[in-house]
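Subject: Structure for your review

Dear colleague,

Please find below the structure that I am handing over to you. My findings follow it.

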Amino acid sequence: MNDCHGPAVATLPPPETSGKQHVVAIVGPPNSGKSTLFNRLTGLRQKVANFPGVTVEHRMGRAKLGHLREIFVVDLPGVYSLQPRTEDERVTHDVLAGTMKGLPKPDAVMLILDSTNLSRHLSLAAPILSLGLPTLVILNMADDLHGRGGEVDAKELAKQLNTPVVLISASKGTGVEKVFEFLNAAPQHLPPKPPLLQLPVLQDVPKVRDWAANMSRRTNFRAPAPPLWTRRLDGIFLHPVVGPLIFLLVVIGVFQTIFAGARPLMDAVAAAIQTSGKWIEATMPNTPLRSLIVDGVWSGVGSVIVFLPQILLLFLFIGVLEDSGYLARAALIADRTMARIGLQGKSFIPLLSAYACAVPAIMATRTIENKRDRIATILIAPFMTCSARLPVYTLVIAAFIPEKPLLGLFFGTRAAALLGLYVLGFLAAIITARLLKSTVLKSTRAPFILEMPPYRWPTMTSLALRLIDRSKVFLRRAGTVILAVAIVLWVLANLPLHDGKAPPIGDSIAGMVGHFVEPAIRPLGFNWKIGIGLITSLAAREVIVGTLGTIYGIEGTTESMGLQAALRHDLTPGGAAALLVFFAFAMQCMSTVAVVRRETAGWRWPIIQFAYMTVFAYVFAFLANRIVSLWF
Amino acid sequence: MQMRFNKDAEAGPRNLTALKKGESGILERIDLAEDAAQRLMELGFLPGHSVTRAHSAPGGDPRVFRVDGSEVALRRETAVHLILR
């Protein structure tokens, strides 16, 4: 599962070798250690890419071969066969057959198999060898195999298959040098001779499996003892009583990480941004350029970068859960509950991640093979209360709800209001899921199948690479989309010039746009200033806070007030309630729209989703305004 | 449609749901559409092979089955279509 890669489609620079691009593909079943090997070979010289027209992604990287030579390595999705039934299998098949657009036919293939499960994994060797490409068979997890008393004769297997075979441990790094040797010679490799045991008819799964069993028998394969530790741990993690308790602890742990754990780091980042902003203000002469940099760029982009620690911590958490094998158990435990709203266990983690940010959550839905379940999960994920809503909630709640204790010292009216907003988002997600699953996305009869990998220690390299990857994606977004919005807003709020000076905000272009949309949002209790905020927050929800700060700061009547006081001056309690409800339900996030478009390979779903959520938000914000206005 | 057969299937031939924890059985056939059956076979649910019931989620559904060196979880609605010898 590759949940942690960015929405940007990568274009790789040409290789440094002259002449033809040399590409070697890594193929293997899920959980065979493909990604670990890929990370070993390429390190940081890797990028995530998408093939045109398909949602399946692959990773491309360059392996250094010494003497300034490099070779492209492509990591394909995990598959059990090359029968093109799922999109993953079709992509793998097309790449290896050389019919995938945008990628030359690979010069060679590295087939990576889990040596502890050789007789089954060898089934994939049959379709791979029948392609006739130079192939290196990599038997991975040698340490685990030997540790559990298993044995395999790699030399004999090479003789039987008529292709080179190496026994390695990708996580420990033993034997990887032999893989490099193969890569080094990749352009000169000759197509393999057929295996000694004639290849079976590939469509006949039992025949292929018999072939694999025969093959492993000929190589004196001794299966390892059952993974005792995995069974012992499952005895705890899947225990009828202890299991759900641990599951709850993990969920609470993720939540704590998102909120409390990330707080000091976020405060530190915020302080750094503020200090540097002040420093720029002090060092630069008072020109429009300074205003653009400090008020536009620094506060706009800064308000988003603050979320980086939170997102990284979440991904660290998910990375550990996934690499250790616990994620599959969590999906198993959650399956029944998720089935009640028409979804399945694999939807659980994406939805949980959506509490941090919908963008990684939507990327995490890649683990859901059932396409309809996956789309349903994508469509409801943005209803989960993501961290970008928090600044908006915090501001409005603090401005309008007086703090009174409800249940002891730690649970007051404000916390209750915040919790209520979380519940609102969750309910909207459930209602939408049920609606979708009983109509347009009614499940096909594709069964729920979940393989339970053995527990393994997560490796630091793989975790570190995930986090670096996430940071790059996040900062790229902050540096492009959000930077652009901040600059555009600043320009629109300062034009047209009146006597060479910035106009009153109401007469600026931004103000005119706000006045233009005012009639549409007046039923919700919003005026034109909130209207500008709603428009700028289309880029990202939290932008409204900065926007309102800018507008109130410029405008005469509210100039001297703090943001909270200005908001109270500007909004009725009904309008405030409507604003909260609107932000709970509306899809105010360009990044989410972009990632949904990418993950569903088209504009259809993001447009439907955006329209649905906006209407949903408008209707309930209207009701909230009316109902609250009855009392206050 | 498929759901309606579940009750019949349970009353009918012995299937994977009949296995108690730790108990094994030999798979006879898979009564599912071609695609689903092939996928299950790739994971090791092959006719003539042994299947052992392992842990389950709290509440007993889905259940984990040990086949061909790996562990795979199936929902009850799927497991009833895997017929034992």
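What percentage of the contacts in chain B with a separation of 6 or more comes from residues 24 or more positions apart? Such residues account for 55% of these contacts, two residues being in contact if their C-beta atoms, placed from the backbone, lie within 7 Å.

Please note that this is a predicted model, in which local features need pLDDT of at least 70 and side-chain atom pairs count only at pLDDT 80 or more, while totals for chains, interfaces and linings use all residues. Residues are numbered from 1 along each chain as its sequence is written, and chains are lettered from A and ligands numbered from 1 in the order in which they are written.

Chain B

Chain B contains three helices and five strands, in the order α-β-α-β-β-β-α-β from the N terminus. Helices (H or I, at least four residues) and strands (E, at least two) are DSSP runs, numbered from the N terminus. Of its 85 residues, 44% count as buried; a residue is buried if 20 or more other C-beta atoms lie within 10 Å of its own, exposed if 12 or fewer, and partly exposed in between, with C-beta atoms placed from the backbone.

The interface

In the interface, 30 residues of chain B are in contact with 28 residues of chain A. On the side of chain B that touches chain A, α2(B) supplies the largest share, seven residues. Strand β10 (residues 449-452) of chain A and β4(B) run antiparallel and are joined by four bridges; strands pair if DSSP finds at least two bridges between them. Within this pairing, Glu451(A) has Val72(B) as its bridge partner.

Chain A

In helix α2 (residues 87-97) of chain A, the buried residues are Asp88(A), Glu89(A), Val91(A), Thr92(A), Val95(A) and Leu96(A). They lie on the same side of α2(A) because they cover an arc of only 165° around the axis, the arc being that of the directions from the helix axis to the C-beta atoms. These buried residues pack against β1 (23-27), β4 (69-75) and β5 (108-114) of chain A. Gly98(A), which follows α2(A), has a positive phi near 80°.

The largest nonpolar core has 187 residues, of which Leu111(A), Ile138(A) and Leu139(A) touch the most other members. A nonpolar core is a set of buried Ala, Val, Leu, Ile, Met, Phe, Trp, Tyr and Cys residues joined through C-beta atoms within 7 Å. Helix α25 (residues 573-585) of chain A gives the most to this core, with 10 residues.

With kind regards
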